[in-house]
Amino acid sequence: MPAPDSNTPPEGDARAYDRVSHGYAPGARPITPPPVPLEKIVDDVVENLSATAKAELALLEARSELALHGVSWTAGWGAVAASAAGIAMLALAFGAILVLMPHVGPLLATLIVVGVLLGVAAFAGWRAQIAYGDIRTALRRDLVNEEADD
């Protein structure tokens, strides 16, 4: 005996499935909700857009406050680090001058230390310029035409 097809009604009353409710009363037409007025739809859209804009502005404000907090602490600790590095460089320079003085004399020792420090400053400036270029690239609006600004 072949398996019964699930799409065909069983033997018997073929009209029995026509009376099954599909979300409305059997034999009756489905009730359609009344149309929503256009003013209500427009008001809902404007209200949703207004709420979205307010949320975006609140997010932007929170992000800017977080960035300001980070920048202020970074600047403060950066100033402490730069001061400490400056004082360390001074101590190193004086120490190098004192070490070189008995061997080459005070004037040549000072010139050697100044030359070395100017070399270090030139190298640091070159590296800072490369890092600044990275920042410019990251903040550029048009990343496709990178060579246009160079």
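H1 passes H2 in a right-handed crossing (the near helix is turned clockwise from the far one by less than a right angle). This is a predicted model, in which local features need pLDDT of at least 70, side-chain atom pairs count only at pLDDT 80 or more, and totals for chains, interfaces and linings use all residues. Residues are numbered from 1 along each chain as its sequence is written, and side-chain values use heavy atoms, without hydrogens and water.

**Exercise 1.** Work out how H1 and H2 are oriented to each other.

*Step 1.* Helix H1 covers residues 38–104 and helix H2 residues 106–139; helices are DSSP runs of H or I with at least four residues.

*Step 2.* Their axes lie 8 Å apart at an angle of about 140°.

**Exercise 2.** Check the span of H1 against its 67 residues.

*Step 3.* Next comes Gly105, with a positive phi near 100°.

**Exercise 3.** Classify the one aromatic pair.

*Step 1.* The ring centres of Phe123 and Trp126 are 5.9 Å apart (a pair needs centres within 6.5 Å).

*Step 2.* Their planes stand at 45°, so the pair is tilted (under 30 degrees is stacked, over 60 edge-to-face).

Terms used: Axes fitted to C-alpha atoms, helices over the stretch in contact; angles between N-to-C directions. Helix = DSSP H or I, 4+ residues; strand = E, 2+ residues; numbered from the N terminus. Parallel < 35°, antiparallel > 145°, perpendicular 65-115°, else oblique. Expected span 1.5 Å × (residues − 1). Phe/Tyr/Trp six-rings, centres within 6.5 Å; stacked < 30°, edge-to-face > 60°.
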